[in-house]
Structures are given as structure tokens and as C-alpha cells.
Amino acid sequence: MANIALKDVRKTYGSIEVIKGVSLDIADGEMLVLVGPSGCGKSTLLRMIAGLESITAGTIEIGSRVVNNLEPSERDIAMVFQNYALYPHMTVRQNLAYGLKNRNTPKDEIDRRIADAANALEIEPFLERKPRQLSGGQRQRVAMGRAIVREPAAFLFDEPLSNLDAKLRVQMRVEIKRLQRSLATTSVYVTHDQMEAMTLADRLVVLNAGRIEQIGTPIELYEKPATTFVATFIGSPSMNLLPMEISESWKLAVNSVVPAGTVTLGVRPEDLHLAEPGSAENGIKIGVTVAAVELVGAESYVHGILPNRQTIVFRVPGRSRITVDEPLTVHADFKSLHLFDEVGKRLR
Ligand SMILES: Nc1ncnc2c1ncn2[C@@H]1O[C@H](COP(=O)(O)OP(=O)(O)OP(=O)(O)O)[C@@H](O)[C@H]1O
Ligand SMILES: [Mg+2]
């Protein structure tokens, strides 16, 4: 059990700084999820915590111990990767025991830990099999098991489920959440998957080009994104962003300090509703022409084009009878609107 603290951590490759001063406090037992576009530095940050990558500047503490100069093996952490890298010539049991044997763990202690992990992950039936005799999901469980038997101070996950098919990912996601809760082991989890990020995280970090863009609970980031970057990164389909001129009546209506001139209005696809003809709602109305309707099951995503050619997306119930080229008016309540200044910072 341990907290992890990063203080102004930087990483430079040659002359290029890829981690530009990251400070983070991860509480003991917390599940922190890192998201961000490809190449923003997620794996680099994780590898620096693990000790697989050196730190150019700053400090990393694990359990109040500065680990900057400690070998990975001395840091008491376990890492789970996308490619689970099991030893192909060893059985599942041997794979699980390997790291413990190397640490001279007594035999009965190894047996106990393997039994516990196998039970938690429901891999008992496979213990005597070789990895090639397992499905992808079963292998991923073994990879998890290898991390669990170590009983480390922290788990580091780098997109552990991205090789699995959609159904298995959901199943493993639920399992990882359950395991992490019951073990209460401090975890840092990197993912590309929105649903994984939202559902697994106690707190979510959005990383953008080597800097923390925002950190908070998933719902905080969803409801109050600090920037247009976070606003469009969290939530699917993405928040609609519309540049607009602010008038005096508008300032009164949104009831907040809004500078004169151009701002960006943000509105989530779920906050736009078809306007009732002739109704006078307290919000904005937007006239669009339907360009596409995507039926995704319980709901449909409607893509509408504004007179200025900009596209907005909104959600409607699955079997709505909306057709392409149809003119529609959508409405959003003032309460649901997000406002950003000209550099993308949240105003409201
Ligand atoms: N050994 C290296 N030498 C030089 N540049 C590197 C090295 N490793 C990573 N980089 C660069 O550092 C940046 C961050 O890479 P990183 O692997 O951390 O990204 P990521 O956020 O994990 O991306 P992805 O989502 O694609 O996995 C990238 O621009 C990458 O090209
Ligand atoms: Mg990566």
C-alpha cells in the first residue's frame, strides 16, 4: 500500500521535451486513469513511475520514498501491458510463480498467493496449461494474476485490454474494477477507451502534449471541462463547439461574467432537444438541416448542418422518424451551456 507523488516530472528525448512538468498526488488505494491523444506521453509517464525510463527532472515518490534512482525491481510496483508477454514454455502456474521465485519467496507462500489470485481471477482450471492453450481474455487474466501475486504497493496498467474484443473488454473492465476495489491497491491506468476511463477512474487525468490539462473525478470533467480540449475529449459523441458573438441580452441570460466579443459555446449532444413548434424555451434555438442519421441502437446520432455550414450532433431516441435533408430546430437550455474564451478556457 502506498501513495504516489510526482513533482514537476519532466522527460526530454534529445532536444524534445515530451513530459513538460507533471505534478500529481495519487492517494493510497486510488485508481487514477490517464487519458489523452496518441503521443501525449501517457506511456512515458507510466514507464517513468515504473523505473523503465529515466527522469530528466523532478521527483517521483512511492510511499514517501523518492524512487528516482531505484531500479524497477526495487520500486515494489507491478505493471500490466497490452501485450501480456507470458513465458510461452511455462505453464500458467509457472508464469505466476516466476517473479516470486526470483525474489526467494517461500514455496508455501507462493502456493497461497497463486491460489488466491487464481481464485479471484477464476483461472484455476488453466493453471497447468501453457499460454498458447488459452484465449486472449484468459491470457490477459494470467497477466493480471502475475501482477496480483506480487502483492505490490501499486499497479501500473498500460492499455491492458486493448487487444481484446469489445465484449471481453467490458467483462474484464468490470473485473478489474472489482479486483482493484477489493485489493485497494494504488493504481495508475492508461487507456484510449472512454468507457474504461469513465467507469474505472476514481480520478481522471487528461494529458495534452506532455502537460496535465485537467484532473478530477470523471463526472467533474464531464460536467465542468476546464478547456475546450477536455470538453471534446471526454464524452462521445463529442461536445459541439460553436463560435458566437455575445450580446447584452445573452450576458443577462447566462448570468455570468462573459467578456464582450467572440466566445465558444459548448453544448453536449445529449443537451440538444428537438424544439416544440411555437414553444418559448429558456435557452438557445438552432435551425439545422439534417445531413445524416446514425442509428446506434437505443438512440440515434443526428448530424445537422447550420446555415454557416458548421455541423452539430445531437442524440434522439433510436427509432425517431428523422430523415436526411429535413429542416429541424433544436433547443438547448441555458443551464446546459458551456462557455469558453478565445483561448479555450472555461468561462462558465
Ligand atoms: N525512446 C524514445 N525516443 C524518442 N522519442 C520518444 C521515445 N519514446 C517515446 N517518444 C516520444 O514521446 C512522445 C510520447 O510517447 P508515449 O509513448 O508516451 O505516448 P502515448 O501517450 O503513450 O501514446 P499512445 O497513446 O500512442 O500509446 C511521443 O511523441 C513519442 O514519439
Ligand atoms: Mg502509449
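The hairpin has 2 residues between its strands, and Ala-209 takes a positive phi near 50°.

Because the model is predicted, local features need pLDDT of at least 70 and side-chain atom pairs count only at pLDDT 80 or more, whereas totals for chains, interfaces and linings use all residues. Residues are numbered from 1 along each chain as its sequence is written, chains are lettered from A and ligands numbered from 1 in the order in which they are written, and side-chain values use heavy atoms, with hydrogens and water left out.

**Surroundings of ligand 1**

The shell of ligand 1, made of residues with a heavy atom within 4 Å of the ligand, includes Tyr-13, Val-18, Glu-159 and His-192. Helix H1 (residues 42–50) gives the largest share of this shell, 3 residues. By class, the shell has 4 nonpolar, 6 polar and 2 charged residues, where Ala, Val, Leu, Ile, Met, Phe, Trp, Tyr, Cys and Pro count as nonpolar, Asp, Glu, Lys and Arg as charged, and the others, Gly among them, as polar.

| Residue | Atom in the residue | Distance |
|---|---|---|
| Gly-41 | polar backbone atom | 3.0 Å |
| Ser-43 | side-chain N or O atom | 2.8 Å |
| Thr-44 | side-chain N or O atom | 2.5 Å |

The protein covers 56% of the 640 Å² of accessible area that ligand 1 has on its own, by the Shrake-Rupley method with a 1.4 Å probe.

**Sheet and helix**

An open sheet of 4 strands has the order S2-S1-S4-S5 with antiparallel pairing, and its edge strands, S2 (16–26) and S5 (65–66), each pair on one side only. Within the sheet, 5 bridges join S1 (residues 4–13) to S4 (residues 57–62), and Lys-7 has Thr-59 as its bridge partner in S4.

Helix H4 (residues 136–149) is mostly covered, with 10 of its 14 residues buried, that is, under 20% relative accessible area; among them are Gly-137, Arg-141 and Met-144.

Notes:
A polar contact is a pair of N or O atoms within 3.5 Å; within protein, one must be able to donate a hydrogen and the other to accept it, and residues adjacent in sequence count only if both atoms are side-chain atoms. Two strands pair if DSSP finds at least two bridges between them. Buried means under 20% relative accessible area, exposed over 50%, partly exposed in between (1.4 Å probe, protein chains only).
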